[in-house]
Amino acid sequence: MSEVALVARRGLWSDARRRLRGNRAAAAALVLLAAIALAALMAPALSPWGYDSLDWQHLAQPPSLTAAHWLGTDRLGRDLLVRTLHGVRLSLLLAVLASAVSLLIGVLWGAVAGLAGGRIDGAMMRFVDVLYSLPYLFVVIILTTLFTRGSLMVLALALAAVGWLTTARIVRAQTLALKRREFIEAARALGVPPHSILVRHVVPNVLGQVAVYATLIVPQMILFESFLSFLGLGVQEPQASLGNLIFAGAQEMESAPWMVLVPAITLVLLLLCLNLFGDGLRDAFDPRER
Amino acid sequence: MACAMLSIPASAESPGATPVLSLSGLSVTFDTPQGPLRAVQEVTLSVSRGECLGVVGESGAGKSQLFLGVLGLLAANGRAAGSARLDGQEILGLPAAALDRVRGARVGMVFQDPMTSLTPHLTVGEQLIEVLRRHGRLTRAAARERAQTLLERVHVSDAARRLAQYPHELSGGMRQRVMIAIALAGEPQLLIADEPTTSLDVTIQAQILALFAELKRTRALGLVLITHDLAALAGVADRVAVLRHGRLIECGPVAAVLKAPRDPYTRALLRDAEPGGGVPPAASAAVDAPRPPERTAALTLTDLGVQYDIRRGWLGAAARLDALTAVNLTLRAGEALGVVGESGSGKSTLARAALRLLEASSGRVVWMGRELAALPARELRGLRRDLQIIFQDPLGSLDPRMTVAEIVAEPLRVHERSLDAGSRGAAVTAALARVGLSPGLADRYPHELSGGQCQRVGIARAMVLGPRLLVCDEPVSALDVPTQQQVITLLAELRESSGLALLFISHNLALVRRLCERVLVLYLGRMMELAPTATLFAAPRHPYSRELLAAIPVADPDIQPARLARVRVGEPPSPLSPPSGCVYRTSCAQAGAVCAERVPEWEEPGAGEGIACHRWREIS
């Protein structure tokens, strides 16, 4: 078998790419995801309507491909397609921002705790335990009411404040496993200072797992943001997010079902794609799937 | 090439005249992205009842894949072709359900790593009983009784108590015995053992080999022993088949193959199996040459001890484990000192404590006049450029996310910060060339290299700063035999050319003999004997040293069976509750009353020698 390994240059990442391409569901999810993200980005440029522009001629119009508004309008005559795309944009932006912040804090916190060990590890992880046991919804509600309601920054921070805890635990567990590996001991024996060991040896080796976790945390964040907006704590009108669109649509469900169906289907599609992709990524990084 | 049983008179006399397993034209092919890989090609051989067939070859020779193919256990991309008959019945291509009945019931299997082959969360008894009840429709009580009989048959001491223990509570040798008991549970006609002793200590290896020899005699089953070590076969096998690159290149009675090998490859394997490795011992020159006795002390260990507190649960009482006790040792500049002993003897702890990679509980480590424990962290890091270490696991000691060039450059990055990228690159290339690696490997990742290449990278990393002490912690035990020889030769050359001191830790006495001037024998973390290599091998003083030497298999079928027959069954005591007095007394054939009462003093019969035994004068 070793002959094969010598002939073909295989790396963790190139192997993962190859396996990912072989996974049809994940590849299709990635393509669809890219299309949705692109449409969301380009939305303002493509459509004559803005997310808050009102069309008095077409109030509460059902979806129709021949009409001026393909996916219909809401009660104020705002184009649902444009508003949904704006919602996707805002939700994705928030989710990616919150995920990035929570990953950054979580990776550093977990890696430092795991590498330091002993009392420092104990203190850092007990802090995480305490935060975990606070009802996170209250924390978020308090945060969002203390600061400007609907501010994107506050919302992102609130989401990240909850998200980093799990990341820290995962990274700490990984670091503890790494610490017992001989290459970390080799680095210590070489006289590599602790902060270099952290940056050069520990963090790069946990990134594979973290990358996978990231694709699973983004949909969580989207869902959580939608939930907050649905409760009225998140993004405020006339800004559109998937959550407050669904909330608004739910009020009209009896007379105009498309108002809730359009953003809801989009949300489900987005989450499905992200989860399928994350699943594929996890399989791709698992060498046993070879 | 065929290896027909009938052409060999020795095996024609074996009790079962019909072969229990006969393979003809058996091939194993793997479908890989690079096209089909032919792992085994057209192998024909047979095993009869009461006979042991030894299958040897280096790693990658296809010896494991051959039998995995026969039993339908190949990886998903592998397939076997040809014919494999078990008691006359074709088993190749049987449906999965029928194969399940063959495996376990008619064929037992034992693998290299007894820990991973046992389920960690079930007791030994539960695992044995499960197998017994599946095969025999026994009641629970009857199965339990039979499980105990089976354990006793494979000489597991205190069998009734062992049944209630979990796999991690047993030593490696005990676990392998349990695996053998499980394999025997279905009363198989054929037992296939794949490198059953490779991960075991030399004394335990001898015990397990003796057990196989006994089973073959008393159980009248066909035995296939797969190994890379010809010497391990000498006392057990009746016939030997040599595989290379998936082909059968030589096959015949054990005496014929070991004494008059026809194929040059077999001769090479045989040379590697000899104690001393056949290659002229690098160390003997060093030992014979009169070295100036005034060589300065480089590393001095004084009363070094390492203890661990083992706590059971949060509030449980702490038990104290003495991993290393009262080690006094002086390593002179440029000297090569070997440290031998079984697993659990404290060898690796000694290596790490000597480099202050773990904190000693007592005693002092002085390097070139400076006490390591007293140094602040920053100064200690600076000193590390002189003190280097290479590790047991060649792949595990390299960061998987770094290229070879980055790995070797790391010490330079830390200790030679003024170097620019260009001269660092040049230093890396020079270091790689010194360990015999081509510069083309510089941008490879560790997992793209073979085990031997990985260990060379580890050596290059350790040598790039020109250290004065190199600690080698079992540097070759994860490599196959020819690669071991290459790495040992490389270490000998490096020592010759750079005059560095070596602390060479190994359970392989043959390697220590080739490389080292003096040898320290450890048992349960205590020093047993320290002697010049030649003295230790010619006239060992300590009973434990004698036992270690006697356990080394010799590739001679005339004397090896008798050596195996003398092997005593026994396990070292737990370091948590060492025996009083001399820790070796419970395994010692010479132990007297005094041995239980007092810890033997460390006596020094000559300069740079020592022994801890009450009775060494009487028994020598």
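**Domains of chain B**

I began with how chain B is divided, and found domain 1 (2-106 + 189-273) and domain 2 (113-187). A reminder to myself: this is a predicted model. I then looked up the spacing, and the C-alpha centres of these two domains of chain B lie 25 Å apart. Their contact takes 10 residues from domain 1 of chain B and 11 residues from domain 2 of chain B.

Next I asked which elements of domain 1 of chain B give two or more residues to the side that touches domain 2 of chain B. They are α3 (96-105) and α9 (202-219) of chain B. Of the elements on that side, α9(B) gives the most, with four residues. I also sorted this side of domain 1 by class: it has seven nonpolar and three polar residues, and no charged residues.

**Where chain B meets chain A**

I moved on to the contact between the chains. Here 28 residues of chain B are in contact with 23 residues of chain A. On the chain B side, α15 (377-383), β17 (387-390) and α16 (404-415) each supply at least two residues. The most comes from α16(B), with four residues. By class, I noted 11 nonpolar, nine polar and eight charged residues on the side of chain B that touches chain A.

**Helix α19 of chain B**

Which residues of α19(B) are buried? I listed B:V481, B:T483, B:Q484, B:Q485, B:V487, B:I488, B:L491, B:A492 and B:R495. Among the buried residues are B:Q484, B:I488, B:L491 and B:R495.

I also looked at what follows the helix. Just after α19(B), B:G499 takes a positive phi of about 65°.

**Chain A as a whole**

Last, I turned to chain A. I found 11 helices and zero strands in chain A, so its elements from the N terminus on run α-α-α-α-α-α-α-α-α-α-α. Along its principal axes, the C-alpha trace of chain A spans about 75 × 50 × 30 Å. What share of the 290 residues in chain A is buried? I noted 41%. For contacts in chain A with a separation of 6 or more, residues 24 or more positions apart account for 67%.

Key
Residues numbered from 1 in each chain as written. Chains lettered and ligands numbered in written order. Predicted model: local features only at pLDDT ≥ 70, side-chain atom pairs only at ≥ 80, totals over all residues. Contact = placed C-beta atoms within 7 Å. Nonpolar A, V, L, I, M, F, W, Y, C, P; charged D, E, K, R; others polar. Buried ≥ 20, exposed ≤ 12 C-beta atoms within 10 Å, placed from the backbone. Domains from an automatic or database assignment.
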